[in-house]
Amino acid sequence: MAGVCDSLIQKGIELNCESPIVKGVEPDGLIMNRSDIDFAKSVFDTTNKNILTTLILKSGKKAYPIVQQGATPFTGAKTSLATGTYRNTFTNEVPIAVLDNGPEVAQKIIDGLANGSFVLILKNVHKGVKGNAEYQVYGYFQGLHASAIENDKYSEDTDGGWLVTLQETSAPKSALFYFDTDSETTATKYETLTTGAE
């Protein structure tokens, strides 16, 4: 019979003087179809289940780069508590500006985003200890799904392009980070996600 999950804090709430937090997200990240992930081969850290050490894609599948312009890329990216009857969970929300329009954009990006399920990795400006807070994963547990898509021809923000909001509901963890050993090792594994599994 399964035990009761711990709902206790295990660390003091203090300022981190060695690595003070800073706000923001880097302008580049990765997006992948959730169905392309080989969950059986993906591995969590043995001592911290909020760290994903290995993320494996199925044979022939790859992640795609996602780049956002402006002084505050991915503006509005946030995680919020969702209170439930028996258990609280988290909602992740990531807005994406697609600064383009046309038949290829509509077919290969917007139509896919409208009905698909996705995983996104964003790079925090705050890197954490040895880089363990740099790569944050959204959508791994429940998938990110489009909650809003609009194409405003006179939008000052998108210059007539698309604004897409992706949302993951009922995520069981407050945050999930992609990290293995150190910053360099993780960066190498991150980059290989765009080349496709063999």
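**Cores, spaces and ring pairs in a predicted model**

Residues are numbered from 1 along each chain as its sequence is written, and side-chain values use heavy atoms, with hydrogens and water left out.

Val-98 also belongs to the largest nonpolar core, which has 18 residues, and there Ile-31, Val-94, Val-98, Leu-120, Leu-122 and Leu-166 touch the most other members. By a nonpolar core I mean a set of buried Ala, Val, Leu, Ile, Met, Phe, Trp, Tyr and Cys residues joined through side-chain atoms within 4.5 Å, where buried is under 20% relative accessible area, exposed is over 50%, and partly exposed lies in between, with a 1.4 Å probe and protein chains only. At least two residues of this core come from each of strand 1 (25-33), strand 6 (89-98), helix 1 (103-115), strand 7 (118-124) and strand 10 (162-171); helices (H or I, at least four residues) and strands (E, at least two) are DSSP runs, numbered from the N terminus. A second, separate core has 16 residues, among them Ile-37, Val-137, Tyr-190 and Leu-193.

Strand 6 also holds Thr-91, which is buried because its relative accessible area is 17%. Not counting residues up to four places away in sequence, Thr-91 touches Lys-78, Thr-79, Ser-80, Ala-82, Gln-167, Glu-168 and Thr-169.

Next, the aromatic rings. A pair of aromatic rings is described by the distance of the centres and the angle of the planes. Rings of Phe, Tyr and Trp (its six-membered ring) pair if their centres lie within 6.5 Å, and planes under 30 degrees apart count as stacked, over 60 as edge-to-face and the rest as tilted. The count by this rule is five aromatic pairs. One of them, Tyr-135 with Tyr-190, is tilted, at 4.6 Å centre to centre and 40° between the planes, and it links distant parts of the chain, since Tyr-135 is in strand 8 and Tyr-190 in helix 2 (residues 183-192), 55 residues apart. Tyr-135 is buried, with a relative accessible area of 5%, and Tyr-190 counts as buried at 3%. Tyr-140 and Phe-141 make an edge-to-face pair, because their ring centres are 5.5 Å apart and their planes stand at 85°. Of these two, Tyr-140 counts as buried at 7% relative accessibility, whereas Phe-141 counts as partly exposed at 23%. Together with Phe-39 and Phe-44, Tyr-140 and Phe-141 form one aromatic cluster.

The lining of the second largest pocket divides into 13 nonpolar residues, three polar and one charged, where Ala, Val, Leu, Ile, Met, Phe, Trp, Tyr, Cys and Pro count as nonpolar, Asp, Glu, Lys and Arg as charged, and the others, Gly among them, as polar.

Definitions and conventions. Predicted model: local features only at pLDDT ≥ 70, side-chain atom pairs only at ≥ 80, totals over all residues. Contact = heavy atoms within 4.5 Å.
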